[in-house]
Amino acid sequence: MQKLKTHVKTTIGAPTVDFKWKREHNEKLLSFLDKNLESYTLLDKEIQQEIKSTIREHFEPVGCTMFKMSEKELKLKLIPYKTEPKDSINLEAIIEIIDKNEDLIVYNYNDKEDLICLQKELTQELTHFVNKINNEEINKKELLKYAIREAFELNSSDIIIIKNSQIFIKLFNEANVKKVSEEEKNTIANRYNGLDEDELKSFYNNFFLKEQNKNFFYLVAEQFVDTYMLEKKIDNLSYEKYAFSFIQAIVTEHLINTFDRNDDFFKGFSGYVFRIHFKEVFNHIANLILSELSASNRYIMDFLKYYSLNIVVLDGQKYRVPEIEASNGLKWNVASMMSIVKIYVKTEISLENIKDQKEELEEAISEYYINSLSPIEHNAKITKEIEKISQNIIYATKRLNIYTDSLDSSKDPNEAEGLKNEVREIQYEIQMKKDEKNRLALKMASKSQIMKYNNIKREIDALKRQERRDEKILAQNKSAYLSIRNSLVKALTSKKTLIEETA
């Protein structure tokens with residue numbers, strides 16, 4: 001549950017060893033679950049596991065977490081790690097694994113002098129060793145990174161990246177960081193923290209893999225909206241002044257959590273990726289704001305009304321306010337947006353719920369499939385086979401009657417003996433086919449199985465009909481919704497402009 005991760009970050013903040021879980025944290029967690037789950041209980045094993053893994057991941061840098069849960073209360077105790085990586089009794093063993101596997105280390109990886117790659121076999125051996133450590137309380141991920149730093153005699157600025165079952169080392173020369181002058185404060189150089197754009201581009205192409213970071217910018221947008229708009233409720237003036245720097249700071253935080261701690265590099269890299277994915281981030285922000293508008297969030301409604309003011313006066317000066325204006329000149333306000341957004345968001349949520357329900361039902365119905373066939377298809381196939389055998393039995397029975405009649409009328413002892421053998425063989429053949437019919441009949445799906453299958457199928461069919469109806473509603477409102485969203489993005493990324501007084 002990605003929203004839970006954002007909630008934990010927003011309510012707990014940066015992890016510290018002296019953190020104490022208080023009643024207010026518990027109340028906020030229950031409120032979050034109540035808002036995002038139709039029905040829940042903290043005694044539900046799946047919900048417990050989701051909460052535990054999310055909170056453990058959040059506090060992993062500073063310590064271990066212990067939990068106690070009742071129906072309406074979570075208690076959490078943070079136990080700081082007792083051992084620093086530099087003091088680990090396992091440190092030498094990890095370094096020894098690296099030293100013994102020199103042939104699995106690729107220097108100048110991809111013809112880049114600043115890249116080292118620990119290949120898959122070595123990475124697997126290292127992670128397997130570290131994960132099974134149980135003789136000390138230590139941050140295992142940091143232990144592995146520290147051991148790599150020691151083995152390769154790395155500088156603190158060098159970056160260790162674990163990606164695609166391989167470990168990469170990006171050698172980072174701090175001398176390459178250009179000091180940004182006062183005159184460059186509002187330039188690309190400042191946004192990139194003095195780093196060379198080619199170096200940032202190389203890191204982006206090699207390590208910021210699209211398939212592994214497909215939710216990255218949604219999570220950034222979600223954290224920004226949850227923290228600064230829904231939690232802190234910043235006003236429009238603060239938004240205009242600080243929004244970009246808030247977002248870049250969140251991007252930096254996510255990058256450090258995803259890769260490694262090198263503030264200088266990732267402050268620059270965050271500016272680079274934010275610039276590339278600028279529109280994507282604000283599309284997500286606009287969608288999240290409109291979702292809150294659809295729920296009639298009073299703060300969001302007031303926030304959006306600002307963009308209908310046209311002109312504001314601040315410190316005796318007049319400013320023109322950005323408008324939520326479409327490319328065709330149509331201007332949107334809270335009232336005109338509300339009905340379209342409510343329908344669109346409600347339908348999107350409905351489709352998402354249908355998708356989840358269909359997945360659950362399709363998983364349930366798959367249990368009734370036999371050799372890739374539904375029980376109805378399976379029974380039809382067996383029925384066809386049984387009918388074929390029945391025809392063979394009828395044909396064999398006719399042959400048996402002919403031979404029996406011939407035997408009854410036979411006067412020749414030798415001929416009679418031959419007929420008796422034929423009769424016995426046909427009787428045996430008929431019996432075998434009857435046995436085969438019985439075996440096939442036992443393989444038939446029961447009436448109970450077919451009834452359960454049909455019930456689930458009816459539910460799936462009903463969901464598919466609802467899905468088609470919702471898709472039609474979504475299609476009918478999509479153009480208007482996108483007009484609103486795109487217009488809102490333009491307003492959110494613009495600033496008020498000073499109106500010069502004419503003489």
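1. Before the helices, a quick word on axes: an axis here is a line fitted to C-alpha atoms, for helices over the stretch in contact, and angles run from 0 to 180 degrees between N-to-C directions. Helices (H or I, at least four residues) and strands (E, at least two) are DSSP runs, numbered from the N terminus. Keep in mind that this is a predicted model: local features need pLDDT of at least 70, side-chain atom pairs count only at pLDDT 80 or more, and totals for chains, interfaces and linings use all residues. Residues are numbered from 1 along each chain as its sequence is written, and side-chain values use heavy atoms, with hydrogens and water left out.

2. Now look at helix H11 (residues 263–276) and helix H12 (residues 278–294): their axes come within 4 Å and cross at roughly 70°. Phe274, Arg275 and Ile276 of H11 meet Phe278, Val281 and Phe282 of H12, where contact means heavy atoms within 4.5 Å.

3. Stay in H12 for a moment and find Asn283. Is Asn283 buried or exposed? Asn283 is buried, with a relative accessible area of 15%; buried means under 20%, exposed over 50%, and partly exposed in between (1.4 Å probe, protein chains only). Leaving aside residues up to four places away in sequence, Asn283 touches Arg485, Asn486 and Val489.

4. Next, the open sheet: 4 strands in the order E3-E4-E6-E5, with antiparallel pairing. Two strands pair if DSSP finds at least two bridges between them. Strand E3 (105–107) and strand E5 (159–163) are at the edges with a single partner strand each, so one side of each has no neighbour in the sheet. On average, neighbouring strands of this sheet are turned by 20° against each other, direction ignored. Strand E4 (residues 115–118) pairs with strand E6 (residues 166–170) over 4 bridges, and Leu115 sits opposite Lys170 in E6.

5. There's a hairpin to check too. Strand E7 (residues 311–314) and strand E8 (residues 317–320) run antiparallel, joined by 4 bridges. Leu314 has Gln317 in E8 as its bridge partner. With 2 residues between the strands of this hairpin, Asp315 takes a positive phi near 50°.

6. Finally, cysteines. How many disulfides does a search of the whole structure find? The search finds 0, using a cut-off of cysteine sulfur atoms within 2.5 Å. Cys117 is buried at 0% relative accessible area, whereas Cys64 is partly exposed at 32%.
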